[in-house]
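Keep the structure open beside the text.

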Amino acid sequence: MNDDREAILSRVRGALAPLRERAALPTYDSEVAVMRGLIAGRDLVELFCERARRVGAVALSDPAALVARLRAESRFRGYCDPVLWPRLAPYFAGGDFQVEVTFDRTRVDDYGFGITRAAAAIAESGTIVLNDTTTSTRLAALAPWVHVAVVARDAIFSDISQAVAALGHDRNVVWCTGPSKTADVEGILIEGVHGPGTQIALVVDWESSGL
Amino acid sequence: MRFQPIDQFAKNLPPATRASVYQSTKTTHEKRTKLLFDQFAEPDRLREIAGEIKQHAIENLDTYLPQVEAKLKANGAHVHWASTAESACATVLQIMRARGATKMVKAKTMVSEEIELAHYLEKHGMEALETDLGEFIIQIDHDHPSHIVRPIIHKNRREIAQSFEREGLGSYNDDPATITQRARHFLRHKYLAADVGLTGANFVSAESGRIVLVTNEGNSRFCLAATKCHIALIGIEKIVPRDRDLALLLNLLGRSGTAQDLTVYTEFIGGPKLPAQPDGPEEMHVIFVDNGRTEVLASDCREILRCIRCGACLNVCPVYRQASGHAYRSVYPGPVGAVLSPLLAGEKFPQLADLPKASSLCGACHEVCPVNIPIPDLLLRLRARAKDENVPSPGTPPMGAWALLASQPTAWRAALAGGKLIDYLPTKLIPVPALQAWAAKRELPAWRGGEFRKWLKNRPR
């Protein structure tokens, strides 16, 4: 409401007018909030996998291991980004899987897994970075119990500050640090509230980040 | 003897609730401290910088608000302004009506609690469903959140299981995993059927117009994947100057609130979805809400506007741990609430003027605050304001006789000498029940009145 705009801004100006000086924006090195001791000298892929496991995510580098895991959990129906599918399809051979390359939102509960591309990852926090440019559908990366994010080996940031600096112009960037969780009921940790109960990062060398 | 309202509430709190609030706040607080001190050489330095950033932001809102408005518009969002709770609610309703929308899914936002948005929309024939598990349970129980981050910290699994049974979400089962799964299945179809997704914002960058949202459950992600219209309800104090400041603040927010390096989902929203993306809002509205904030900005307590709603001060507060959140009779409980609630109350300040008094001023809240808000100082300023405005203070012992003595040196000296008589007084026999209860387990130390004066007079110069 336009009247409200003017009213609010004039009250803000009125409230600040009596201040003799305004607090200055501090100068600081972003390094202060980086866990450098953790990162220094480490291979970023290795560190990312270690940190991802610490927050309850699964880090894999072999698509065959991914397929074995889905099979062991009897998750035979799922979604795969059409761009990734030609590369992954051979691993899903055997006739027991039913993988769709379009996501039908009227059947969300049919999909046991969703495989989409990640834009990047953050080693320091074990975070997977999704965005609208690389994620083929937001729902497929969110609604199935298992989400598999395919991360390019060369797209791993060392720390959170670096990842913030690289946010770019994408309209929707989502950092996923482990599976969806809650501790609302008596402080007991439960995974898989609205989003994935299992968050998998598949780190590969055949995807390129274009970073 | 009359009690302060908060003491009265604490006195009547079921012991089981007190025990669970105490235990879970203590655990979170201890984990927070361990994380910060294990991971950073100077965690207090981080809090100081973050405090300076936010103080700068609120003291320059006259520049940053128009700047962020321009950025948001350039990003394709519609920007609205709401002076009051009524105006904010009406704006949401208007946006929904313009789209022919009837169903809203809501992520957790404290501003929406503040303006009682869900009630308002329901009254006007809209469905407004809370999707955060805790807030959903609060909604079906017609209850109020008792913690900023953990809304149902005051409830146990049996009560929740009964509520789910009553609402037809399955037969009685108090296993937390089952409760969560039932909510998951019920709510995902609600998201998909909804017209509008409403969120708050943890931060808004003035530099890029990016809105930052954090959740652990992923409910705000679902709101922004399933619906076609996004409404973000944002207090005007949520602005941070630059994107780079977000890295520091996000590092502090997760650790301070829930003892996580990062909250599970951190979303950076820079406008409606791109055409190539099949899911998500085509339309985005941002509503900047004042609702008393400019009055806080004009007051001598403006530091409280730095608050990033992490809940760390609640978790560490000895009063909150004993009294739980409903004792604060307002949306914001705990130390932050004891400052913010009376300030936001406007003309109703006297009704909440007792909150700043319910503190021993121990300073623990200041020590843990990720934006370094000097909460004890603000509590004192509000106590002074209550005194200036002659707000009655129930439960405060009369201090008139003491004030008389303390302001007249002769009388004071006489009292110091005469006080020796207390040593011979049979305290246990004085017919005042409160005094007898106190004296039953304690003894007064021997009278030492006048010792300091004696020392001062005789000390070598």
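The centres of domain 1 and domain 3 of chain B lie 34 Å apart, taken over C-alpha atoms. Domain 1 covers 5-12 + 294-388, domain 2 covers 40-291 and domain 3 covers 408-458 of chain B; such bounds come from an automatic or database domain assignment.

This is a predicted model: local features need pLDDT of at least 70, side-chain atom pairs count only at pLDDT 80 or more, and totals for chains, interfaces and linings use all residues. Residues are numbered from 1 along each chain as its sequence is written, while chains are lettered from A and ligands numbered from 1 in the order in which they are written.

Chain B holds 23 helices and 10 strands (DSSP runs numbered from the N terminus: H or I, at least four residues, for helices; E, at least two, for strands). Of its 461 residues, 50% are buried (20 or more other C-beta atoms within 10 Å of the residue's own, with C-beta atoms placed from the backbone).

Now take helix α10 of chain B, residues 176-193. Its 18 residues reach 26 Å from first C-alpha to last, close to the 26 Å expected at 1.5 Å a residue (1.5 Å times one less than the number of residues). Its buried residues include B:I179, B:A183 and B:L187. An α-helix has 3.6 residues a turn, so residues three or four places apart point the same way. The cover includes β10 and β11 of chain A, along with α8 and α9 of chain B.

Across the contact, strand β9 of chain A (172-176) pairs with strand β9 of chain B (265-269), antiparallel, over 5 bridges (pairing needs at least two DSSP bridges). A:N172 has B:I269 as its bridge partner.

Methods
Buried ≥ 20, exposed ≤ 12 C-beta atoms within 10 Å, placed from the backbone. Contact = placed C-beta atoms within 7 Å.
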